Amino acid sequence: MANPRDDFSSKTKDILAKRVGFRCSNPNCRKLTCGANESPEKVTNIGVAAHIAAAAKGGPRYDECMSPDERKSLSNGIWLCQSCSKLIDVDETRYPAEVLMKWKAIAEDLAILDVETNSPAGNISQDKELIKFYVQCFDRPAFQDDICQEGRMEDFDKAIEDTIIALNTGILRTRDGAIIKQAEGKSVIQNPDWREKLDNISEMLVSIRRRLKIAKVEHAYTVNETGGDVFYCFRDDELAEWFNLTRREILKVLSSICREVGIRELHFWSRRYRW
């Protein structure tokens, strides 16, 4: 006999979705989860009211100390897209309840900020300040050094992840997780061309993380130490070049926005990028 599930009510699901503006609460995603359907009487929805602590015994993050009412309460729910809902359940070690609670809090804060912010169309001044912030987010070794000269691939991956979060949420963190700057996510950019370019940059960053994960699983690179310095040797030269060219393209797109905004392009200590 199957374990009884403490499922959310329709009202609870509706509130969870509305509290985050119908966006996925994963700060790496922030995807809009509903929109128009071809049928004028229907809405396309890819959002899920996911349980932080599982609805039934044996599920991810199940907490036997919780009562049935607590399991199906608003406090135990988080709104996610279908992909992220699956993601948190297949790897509960990486996504414990504490992480999901942080996601939920950040998503709700961003939603109310969107409501409070006065963003009239064509607010070039606000766009300009946000672009300046995003440029700062790329001022890190992960976008300067050749992939074979990276100190640790784990740190490289974390830097890419932090940059994605900064673009999506406007929150820039140090390596240990402390918030050092806070602005707004790219979704509030008024200029549609700049917003589209930032969306493309975000997609390229996600591709870097995905390909790096595959490279690690397939042992596509080896680690060498010389005089205390760490170097990575890729067995596939084309793969190493892909990482370098993709980051170069990201900086090229960002620099094109800088030129259009009228602010300084990317300049780093180790090298100067000119497009």
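1. In the largest pocket, helix α6 gives the largest share of the lining, nine residues, where a helix is a DSSP run of H or I with at least four residues, a strand is a run of E with at least two, and both are numbered from the N terminus. A pocket here is an open set of points on a 1 Å grid over the protein atoms alone, with protein on both sides within 12 Å along at least five of seven lines, and its lining residues have an atom within 4 Å of a point.

2. Please keep in mind that this is a predicted model, in which local features need pLDDT of at least 70 and side-chain atom pairs count only at pLDDT 80 or more, while totals for chains, interfaces and linings use all residues. Residues are numbered from 1 along each chain as its sequence is written, and side-chain values use heavy atoms, with hydrogens and water left out.

3. The largest pocket holds about 1,500 Å³ of space, a volume being the space filled by probe spheres set on the grid points, which are joined across faces, edges and corners. Its lining has 37 residues, and Asn28, Arg94, Tyr95, Glu161 and Arg209 are those nearest the pocket centre. At least two lining residues come from each of α3 (82–90), α4 (97–116), α6 (153–169), β5 (171–173) and α7 (192–217).

4. The search of the whole structure also finds one cavity of 30 Å³ or more, a cavity being a set of points where a 1.4 Å probe fits but cannot get out. The largest cavity has about 50 Å³ of space, and its lining includes Arg30, Leu110, Asn168 and Val188. Helices α4 and α6 each supply at least two of the lining residues, with the largest share, three residues, coming from α4.

5. Threonine 163 is part of helix α6, and this residue counts as buried because its relative accessibility is 0%, buried meaning under 20% relative accessible area with a 1.4 Å probe and protein chains only. Apart from neighbours within four places in sequence, threonine 163 is in contact with Cys137, Phe138, Arg140, Phe143 and Leu205, contact meaning heavy atoms within 4.5 Å.

6. For the protein as a whole, the secondary structure comprises eight helices and eight strands, and the C-alpha atoms fill a box of roughly 60 × 50 × 40 Å along the principal axes. Buried residues account for 42% of the 275 residues. Of the contacts between residues at least 6 apart in sequence, 66% join residues at least 24 apart.

Notes:
Buried < 20%, exposed > 50% of the residue type's maximum accessible area, 1.4 Å probe, protein only.
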